[in-house]
Amino acid sequence: METKRVVIRDVENPEDGELLEAAEVLRNGGLVAFPTETVYGLGGNALDAEAAGKIYAAKGRPSDNPLIAHISCMEELEPLVKEVTQAGRMLAERFWPGPLTLVFPKSDKVPCETTGGLGTVAVRMPSDPVANRLIRLTGVPVAAPSANISGRPSPTTAEHVWQDLAGKIEMIVDGGPVGIGLESTIVDVSGDEPVILRPGAITKEMIGDILGNVEIDPAITGPMKANVRPKAPGMKYRHYAPKGDLVLVELKEETIRELYRPGSALYKEVSRKMGEWGKSWKIDRESFYMAWKANQEALAMEKQGRRVGVICTEETAEEYTVKVKRSIGKRSSAGSIAHNLYAVLREFDDLGVDVIYSESFAEDHLGQAIMNRLNKAAGYRVLWV
Ligand code: TXA
Ligand code: MG
């Protein structure tokens, strides 16, 4: 199949003429990849079992892993669900359109193929103008998983989609790089207690502000136990495994204590090193120490003849003397790290390194989503320093 690429000229204000053909492909049961504010999605008609089958085939994805139905306005929600629960309504009113997916009890209109056989359906209303306009023009809800081959990082540019899916789908709508870079937050609002199934840019803190309290599925915070079934079936798959072994570098609590205890040996050593190099104005003690240790470990591996890479940050980049390093963004801006994360992981796959050390980040706000994706990619391997 030849994949057509349509480049949108003004992504804030796409013209209907640029999207009509894509909408027609979707209505006729074909597949179109398109940008959203989170990652690129691989779209198909959510009410068409056959289109769902094509999505699973193109991605090489297990068909028990359900798809998210994307809508363009509130009126399109009711027909898909049995009931709009109170928590669901409150979150939708506050955060839609936006990077939030809500899981509701499904109506009979939604085929089991779309929901991987579940009695619930995940729904999202994207804010990206290209996505929103395309869904509206299509006139049906659009099922869209991330537009990557199963097991690869989610695509944040049309080029990533092209690398994975060219020749397998009818069309790619190129709206430039996405804004956020990590998949939407998923909240299950189908039961009595709302539960976060996947962290994203709508953070636990933001949801807590609306609902008062919200549970977190254990699949998010640690490795899955063999006998536990996560509520989002997708969370059970080792999402993406980099070709090299990824290891996260994290500071022990005891290290942090010592780093800030004047008089401790570590305090003195770090103060001297940072002072000597006049760094204290641009980098905090924890990041400095993390980079120092990560570099040491990476150099030791290089000595053993292994090809090593590090994932660093703007603030720490110059602390590293290893051959291969890539900055993932600014520590002072979690948004920049989310934005670059998948592109950096894709780059390391292309570089052919054996082992990758990555700095770790605070697990609050957007950091929870960042650490969730990094931990999954690392298979929860951590070097504690
Ligand atoms: O940001 C996003 O959500 C992107 C863009 C394209 O919208 N889409 C996306 O889709 O990340 P996907 O298929 O890569 O991830 C969907 C996740 C999977 O982990 C799946 O198991 C879960 O949502 N999911 C879908 N329907 C569900 C349901 N009814 N109950 C629980 N989890 C569900
Ligand atoms: Mg995905």
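Which helix is A378 in? Let's start there, and keep in mind that this is a predicted model. A378 sits in helix α12, which covers residues 366-378. Is A378 buried or exposed? Its relative accessibility is 0%, so A378 counts as buried, the cut-off being under 20%.

Okay, on to the cores. The largest nonpolar core contains 44 residues, and L91, W96, L102, F104 and V123 have the most contacts inside it. Helices α2, α3, α5 and α6 each give two or more residues to this core, and so do strands β5 and β6. Take L102: beyond its neighbours within four places in sequence, it is in contact with residues including L91, W96, V123, V187 and V189. There's another core lying apart from that one, with 26 residues, L251, Y289, M301 and A317 among them.

Now, ligand 1. It has 27 residues around it, and the nearest are T38, N65, H70, S184 and G234. Two of these put a polar side-chain atom 2.7 Å from an oxygen atom of the ligand: N65 and H70. R61 has a polar side-chain atom 2.8 Å from a ligand oxygen. On its own, ligand 1 would expose 690 Å², and the protein buries 97% of that.

What is the shell around ligand 1 made of? Its residues split into 14 nonpolar, eight polar and five charged. Strand β6 gives the most, with four residues, while β4 and β10 each supply at least two.

How values were computed:
Residues numbered from 1 in each chain as written. Chains lettered and ligands numbered in written order. Predicted model: local features only at pLDDT ≥ 70, side-chain atom pairs only at ≥ 80, totals over all residues. Heavy atoms only, no water. Core = buried A, V, L, I, M, F, W, Y, C linked by side-chain atoms within 4.5 Å. Buried < 20%, exposed > 50% of the residue type's maximum accessible area, 1.4 Å probe, protein only. Contact = heavy atoms within 4.5 Å. Near = heavy atom within 4 Å. Polar contact = N/O pair within 3.5 Å; in protein donor to acceptor, adjacent residues only side chain to side chain. Areas by Shrake-Rupley, 256 points an atom, 1.4 Å probe, with all protein chains shown as cover. Nonpolar A, V, L, I, M, F, W, Y, C, P; charged D, E, K, R; others polar.
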